[in-house]
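Thank you all for coming.

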Amino acid sequence: MNKGVAITGMGITSALGFGIESNYKALLSNKHGISFPELLDTKHKNLPVGEIKRSNLDLEEELQLSFGHSYTRAALLAIFSIKEAVTNSRLDKEQLYNMGLISGSSVGGIDATEEYYNNYESSEENRRFIRAQHPGFTTSQISGYFNINGYSSTISTACSSGANAIMMGARLIKSGKLDRVIVGGTDCLTKFTLNGFNTLKILSEELCKPFDEYRNGLNLGEGSAYLVLEADHLLNEKKVLGRIIGYGNANDAFHQTASSETGEGAFLAMKKAIQVSGLKTSEIDYINAHGTATKNNDLSESIAIERIFGSEIPTFSSTKAFTGHTLAAAGALEAVFSILSLQNDKQFANLNFTEAMLETNLKPVTNLRSVSMQHVLSNSFGFGGNCTSLIFSKNG
Amino acid sequence: MGKAVYINGVSGISAQTEDAIFSNKPLEYSSNIFHAVPVDYKDLIPAMALRRMSKAIKMGLFAAKNALAYANKTMPDAIITATGEGCKQDTEKFLEAVLDQEEDLLTPTSFIQSTHNTVGGQIALNLKCTGYNVTYTQEDISLESAFLDAILLLEEDPEIKNVLVGGVDEVSTKITSFSYLNNFLKQKEIRNLDLFDQASIGTITSEGAFFFSISAEKNDSNDVELVEVCKFKEKEISNISVQIQQFLKKNNCSIEEVDQVLLGKNGDQIQDRTYEHLENGLFMNSATLVYKHLVGDFNTVTGFAMWLTCKIFKNNVVPDILKLNSVSSKDPKLALLYNLSQDNCTHSVILLRKV
């Protein structure tokens, strides 16, 4: 087994709340954050979403942003999480200046584009948001806010973006190319994505039921989460929250949006992550599954899990029913949840589950479980066949 | 730096062709937004599939397959794609439908193909490549990010021998035209070849796809060594030269040893200040070349500059239309590519060597 890359800070913003504490409390009390859209300007008010109930204006005021700024909602959500991560890693301004930022985002600031699209030509007022559509701009805004001057980049692999950003950060630390980096992902609810998933008929009108025989689609969510990764030589007496010891990335190469029946991409990503970690499959204590609650994903992922673990399948659950599917942020949110699992020896409930699917008969954790754990596997899969698995471990 | 990395195969689709450039008869355009020269996509992509593909997907897939073929490879171990603005045509189509139809009666195809990783995913799907697959999108340094990942993969993972890396950006009707409104594009329409003749704000733009099959192995004499790719942030103009010199020093060479410098000058008055500072300073005695009067400026345009450098090395000719000064560069072997991002403080530096 390798020592892995140290995580010294983390922060999260989701429909469960702002910050680690409120998210953890919700997870412990089985209290989901799914509601109907109130802030998102959509006519699909019947579709449940994991919406963060604070307006952009409210967030801007708290951050005391100057008038005429071009932060979009994804950037605002990211700033709250990074602030928390930076605070609990006790990074100073100089350290921030020299470190890197790798952020995952799928739609960046398209919420601004959909708001101003038909007005850009007639009015000059909001033209500063033209470039804000692009995810790279979102990341530049975030690094500008924190005055981060090191290696900055954006990964956009749909719903595995955040996980890939974490993987890239870990690789950069491991190879010595960077010694300190913030990694994670952010995405906000938009009409674009809500309608997009709706046309694919994979949104549920009920609370989503991951891994359930009667699952009928996902709930979209919004949020952000970030981790601070540091090279061992910088740690000194710093508290290490956990370590990233494995990562694997593969492509399903099956279909632009659907997962293959054999879960090949998911299988290869998990296999590679386990290989990199140096663990035996029996040493994985728990899986924070991708588990979106679509017919297709949950079956494909279950089959891939069976292929990896055989008859010794670890306990697993999907936390998507708590937060909704936060797209590019999902892998980052679930990285934070995985570390919370390890820190507290808790396996979170897979909410809304009633009956195992016929094909696999796999039952997720349905009530909060307390059990001693060393290693947690977290899966994130996306459109374009992009599959990524991460393995987190307790420090030491 | 770890072991040497080579470009074994390269393919580019742009608003120019190799013939047009090397015969010094570049294609001329009279609009500030122009398109890539059509190629026979059917040669490499089934007609059925082509019908549904946006320009970005077609260009990307075609260039990716061609680059692999030139490298005599059939299957890469990893695919890393870069795009600054993603699949704008499909994004625009779906977004307009959402707005115009007030979220009603929408169809999924354009949404499915709107994500930034569509091109990377389609390449994997077409090649049936299940290896590492990531898409970077970081404005003007998207392709640089992709190369940094690719080089790291070759260094760290013994199972990864060859990586397909490329950048793609397309023009779309409305979203690209917004660039007139935020002064990215010149307000007055100009001819592309006149780009450097007038001082004004803004530039011109087009589209393209540039793919590279890279590995740690030298295949043949046409291979080009990818010495290093670097991006850095620097707000002070006077410090840029210092950073570039440090970059060269790190790679055991000096500006005197560089045979040609490709500048990403784009005709924008504000960007010119930085370029002119370098032209009159660090690059004063270097043979300097420019290329954005041929293809305009867009987020992954450094892919064009890399493609062009590979062609200059291969043909052993520097077309006159590229020359910015009279310093001659016969038989160029070492090329420095410098590009300034739209934010005016992010810099890209790439060093390529003929083998």
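Before the first residue, a word on elements: helices (H or I, at least four residues) and strands (E, at least two) are DSSP runs, numbered from the N terminus. What you see is a predicted model, in which local features need pLDDT of at least 70 and side-chain atom pairs count only at pLDDT 80 or more, while totals for chains, interfaces and linings use all residues. Residues are numbered from 1 along each chain as its sequence is written, and chains are lettered from A, with ligands numbered from 1, in the order in which they are written.

Let me begin with Ile175(B), which sits in helix H8 (residues 173-177) of chain B. I call a residue buried if 20 or more other C-beta atoms lie within 10 Å of its own, exposed if 12 or fewer, and partly exposed in between, with the C-beta atoms placed from the backbone. Ile175(B) counts as buried because it has 22 C-beta neighbours inside 10 Å. For contacts, two residues qualify if their C-beta atoms, again placed from the backbone, lie within 7 Å. Leaving aside residues up to four places away in sequence, Ile175(B) touches Lys88(B) and Glu92(B). The C-alpha atoms of Ile175(B) and Lys88(B) are 7.1 Å apart in space, although the two residues are 87 apart in sequence.

Next come two backbone angles. As background, most residues other than glycine have a negative phi, and most peptide bonds are trans. Is Leu327(A) buried or exposed? Leu327(A) is buried, since 32 other C-beta atoms fall within 10 Å. On chain B, Asn316(B) also carries a positive phi, near 55 degrees, and is likewise a residue other than glycine. Asn316(B) belongs to the loop between helix H12 (302-315) and strand E9 (334-340) of chain B, and with 11 other C-beta atoms within 10 Å, Asn316(B) is exposed.

Turning to helices, I compare each end-to-end reach with an expected span, which is 1.5 Å times one less than the number of residues. Helix H3 (residues 55-70) of chain B, with 16 residues, reaches 22 Å from its first C-alpha to its last, close to the 22 Å expected. H3(B) is mostly covered, with 15 of its 16 residues buried, and H3(B) is followed by Asn72(B), whose phi is positive, near 60 degrees. On chain A, helix H7 (residues 161-174) has 14 residues and reaches 20 Å, close to the 20 Å expected. Because 14 of the 14 residues of H7(A) are buried, this helix is largely enclosed by the rest of the structure. H7(A) is followed by Gly176(A), with a positive phi near 80 degrees.

Chain A is divided into domain 1 (5-234) and domain 2 (243-393), and their C-alpha centres lie 21 Å apart. In this chain, 60 residues of domain 1 are in contact with 55 residues of domain 2. Which element gives the most to the side of domain 1 of chain A that touches domain 2 of chain A? It is H7(A), with seven residues. For residue classes, Ala, Val, Leu, Ile, Met, Phe, Trp, Tyr, Cys and Pro count as nonpolar, Asp, Glu, Lys and Arg as charged, and the others, Gly among them, as polar. By that scheme, this side of domain 1 of chain A has 31 nonpolar, 23 polar and six charged residues.

Chain B is divided into domain 1 (6-215) and domain 2 (227-354), with 22 Å between the two centres, taken over C-alpha atoms. The contact takes 46 residues from domain 1 of chain B and 35 residues from domain 2 of chain B. Helix H7 (142-156) of chain B is among the elements that each supply at least two residues of the domain 1 side, and H7(B) accounts for the largest share, six residues.

Finally, the contact between the chains takes 44 residues from chain B and 50 residues from chain A. On the chain B side, helix H4 (88-100) and helix H6 (118-127) are among the elements that each supply at least two residues, while the largest share, six residues, comes from H7(B). The residues of that chain B side divide into 17 nonpolar, 17 polar and ten charged.

Methods
Domain bounds come from an automatic or database domain assignment.
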